[in-house]
Amino acid sequence: MAEYHCTYTKEFPVDEFGRLGGFYSLADLPIVQHKEMTRTGIIEAQDKKQQSFKIRDSEKNFIEWVPMTDVTIVQDPRKLLNE
């Protein structure tokens with residue numbers, strides 16, 4: 001199966017230092033806000049009925065369902081490293 005690398009945008013909880021918080025982090029810091037973040041990932045599946053992709057985050061390895069409109073497929077994964 002081919003891997004489709006992508007960037008996706010989703011709202012995440014963040015701590016006082018602007019890092020992912022809550023169950024996305026091992027740090028025991030309170031969540032101070034929710035912030036829209038763009039991250040890199042790999043598309044694992046798609047749901048055409050719900051118009052969403054199942055994305056595995058490249059850095060933290062968690063899985064999220066994201067609307068297709070918030071996902072950009074990157075043909076060459078090396079481009080993600082140069083951003």
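The chain's secondary structure comes to one helix and five strands, running β-β-β-β-β-α from the N terminus; these are DSSP runs, with at least four residues (H or I) for a helix and at least two (E) for a strand. Bear in mind that this is a predicted model, where local features need pLDDT of at least 70 and side-chain atom pairs count only at pLDDT 80 or more. Residues are numbered from 1 along the chain, and side-chain values use heavy atoms.

Now take a look at Glu64, which sits in strand E4 (residues 63-67). Glu64 is buried at 12% relative accessible area, because buried means under 20%, with exposed over 50% and partly exposed in between (1.4 Å probe, protein chains only). Its side chain meets that of Lys10 in a salt bridge, 3.6 Å from N to O; the term covers a side-chain nitrogen of Lys or Arg within 4 Å of a carboxyl oxygen of Asp or Glu. That pair links distant parts of the chain, with Lys10 in strand E1 (residues 4-14) and Glu64 in strand E4, 54 residues apart. Lys10 is partly exposed, at 23%.

There are five salt bridges in the whole structure. One of them joins the side chains of Arg19 and Asp15 at 3.2 Å, N to O; here Asp15 is buried at 3% relative accessibility, while Arg19 is partly exposed at 43%. Arg56 also forms a salt bridge with Glu44, the closest N and O atoms being 3.2 Å apart.
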